[in-house]
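Student: Could we go through this structure together, one topic at a time?
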Amino acid sequence: MVASPRPGSPFGRPSSSASRTKVEEDLHEYAGIDYDKVTIKRNPSVAVLYEEALTYEEGTVISAAGALCAYSGKKTGRSPKDKRIVREEGSDKDIWWGPVNTPLDEKVFLINRERAIDYLNTRPRLYVFDGFAGWDPKYRKKIRVVASRAYHLLFMRNMLIRPTEEELENFGTPDFTIFNAGEFPANRYTTGMTSTTSVSINFKRNEMVILGTQYAGEMKKGIFSVMHYLMPKAGVLSLHSSANEGPDGDVSLFFGLSGTGKTTLSADPKRALIGDDEHCWSDSGVFNIEGGCYAKCIDLSGEKEPDIFNAIKFGAILENVVLDEDTREVDYSDDFLTENTRASYPIYHIPNAKIPCVGGHPHNIILLTCDAFGVLPPVSKLTAEQAMYHFISGYTTKVPGTEDGIVEPQPTFSACFGAPFLVLHPQRYATMLAEKMSQHKANAWLINTGWIGGKAGVAKRCPLKYTRAILDSIHNGQLSQAEFENYDVFNLQVPKKVANVPDEMLDPRKAWMGTAEEFNASLRSVAGMFTENFKTFAEGATPETLAAGPKL
């Protein structure tokens, strides 16, 4: 007896030419996808994508909680050194060329595109997802993803905004298309290639081509780079930030690099989550770019991060995690495959998410840093110029234990708290931020979640309960009315009192446990790091921004 096929699954040859869909015709005409040899599945359901991944993708399993566990092969993180942007006359003068944005010849892009399409045409089945980037209908972009792995499509189904049936029917021509042939390598002997991995964006063709990496995060961050280019040209500020909203409609934006507490602090039970990573600030207010969240999973627990832990259920993807062979329970502490284990899930898996993911103009801009040298105050109020300076600087520190080889605190600077995804000069984003802050009278704050009283290894990190108390005082309006005193060198305004925070913690000089000479040396050292780092941006920065830095 022959087993019957799954409902709706194709047996043998794809459907006849008489019933070609518009998507099939478009992909054939626009990209050369051979629909006579390839079955094309557009916007399949979550259940169908589970079936396809479990059937055709080796190693894929379902976790005990119902998430799809997928594996990205050799690459378990982004490959920033293999990212390229095509240099062409339409965008050449706008792009911030340098280490972040490496130029690629247009002809080489077409060679890689052809290689990707040729590979996709060898696959028996392809998956297409049509969705949106940006929750504001006025500014949203239509994104099409073409991939050979069901895992990749489910990932982007989570991360993009899912269209209604009517929106899908009237989708039309996409604004941007991703061709993901990540299972197939780039030719490293092609001019401009540095390895078998290539992630390239072409703003003239509105396309992105991926070769040689199956790490799904490349697609998410690729679209973020696209929005970082398109949105400012439309007068909209794109931001690497999380956002939440209080019961009175007051919105806060949180900026911070890994380890500063951005995800933890923006997940506030008293406030609705607009989004955890990528936002835009338009003339109407703030909107999330994404339809989902992409959370780190290493050492995840239901006690520490209940919202994320409980969001990992049917429809979510777990990347590169280790499971118990029998029970399929995930061991979130196991970093055998990578420390960069990840979960992708739609934002509606978060109970207090605000959907649609839009909010009004921010009342508070919160720049988070984790200073391991013990010299930055737990909280300080910034002028617009200082906000630009610290926004462009994007400072934090890596501490021993976070990465191999780190034995002393190391300063880390990432422009606009997201340098790998910037396309324009950081000053462009900083100027827009200052203008919007001024226009909407938003307060800016620098919050240090790092060490107080001395450097890491000597003193203790600022307790989370005090950082939350500081945020509560910001959100209820008390802190903006507080009495401030000047903190020298950085010239920051530090409050004399904050409810439920010990007074002696607020001034790093008073909290310092060593000698005054040791404190001054550490303060001057950190100030010098800021000054040295900012030399990179001096050419494109305004005089006001330059003047807002520390004074030695």
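Tutor: We shall look at salt bridges, strands, a helix and a surface patch in turn.

Tutor: This is a predicted model, in which local features need pLDDT of at least 70, side-chain atom pairs count only at pLDDT 80 or more, and totals for chains, interfaces and linings use all residues. Residues are numbered from 1 along each chain as its sequence is written, and side-chain values use heavy atoms, with hydrogens and water left out.

Student: How many salt bridges does a search of the whole structure find?
Tutor: The search finds 28 salt bridges. A salt bridge here is a side-chain nitrogen of Lys or Arg within 4 Å of a carboxyl oxygen of Asp or Glu.

Student: Why can such side chains pair?
Tutor: Side chains of opposite charge can pair because their charged atoms come close.

Student: Which residue forms a salt bridge with lysine 220?
Tutor: The partner is aspartate 277, and the closest N and O atoms are 2.8 Å apart. Lysine 220 lies in helix α6 (residues 217–233) and aspartate 277 in the loop between β14 (272–275) and β15, so the pair ties together parts that are 57 residues apart in sequence. Helices (H or I, at least four residues) and strands (E, at least two) are DSSP runs, numbered from the N terminus.

Student: Are lysine 220 and aspartate 277 buried or exposed?
Tutor: Both are buried. Buried means under 20% relative accessible area, exposed over 50%, and partly exposed in between (1.4 Å probe, protein chains only).

Student: What does lysine 262 do with aspartate 277?
Tutor: Lysine 262 forms a salt bridge with aspartate 277, with the closest N and O atoms 3.2 Å apart. Lysine 262 is in helix α7 (residues 262–266), 15 residues apart from aspartate 277. Lysine 262 is buried too.

Student: And where are lysine 436 and aspartate 283?
Tutor: Lysine 436 is in helix α10 (residues 426–440), and aspartate 283 is in the loop between β15 and β16 (286–288), 153 residues apart. Their side chains meet in a salt bridge (3.7 Å, N to O). Lysine 436 is buried, with a relative accessible area of 6%, whereas aspartate 283 is exposed, at 55%.

Student: Which residues do salt bridges that share partners join into one network?
Tutor: The network consists of Lys220, Lys221, Lys262, Asp277, Glu278 and Glu290.

Student: Now strands. Which way do the residues of β11 point?
Tutor: In β11 (residues 237–240), Leu237 and Leu239 point one way, Ser238 and His240 the other way, and all are buried. β11 pairs with β15 (residues 278–281) in the antiparallel sense over four bridges. Histidine 240 stands opposite glutamate 278 in β15. Two strands pair if DSSP finds at least two bridges between them.

Student: What is the order of the open sheet of five strands?
Tutor: The order is β2-β3-β18-β21-β17, with mixed pairing. The edge strands, β2 (61–62) and β17 (292–296), each pair on one side only. Two bridges join β2 to β3 (residues 68–70), and these strands run antiparallel. Isoleucine 62 stands opposite leucine 68 in β3.

Student: Why is helix α4 largely enclosed?
Tutor: Ten of the ten residues of α4 (residues 150–159) are buried, so the rest of the structure largely encloses this helix. Among them are Tyr151, Phe155 and Arg157.

Student: Lastly, where is glutamate 325 found?
Tutor: Glutamate 325 is in the loop between β19 (322–323) and β20 (330–331). This residue is exposed, with a relative accessible area of 70%.
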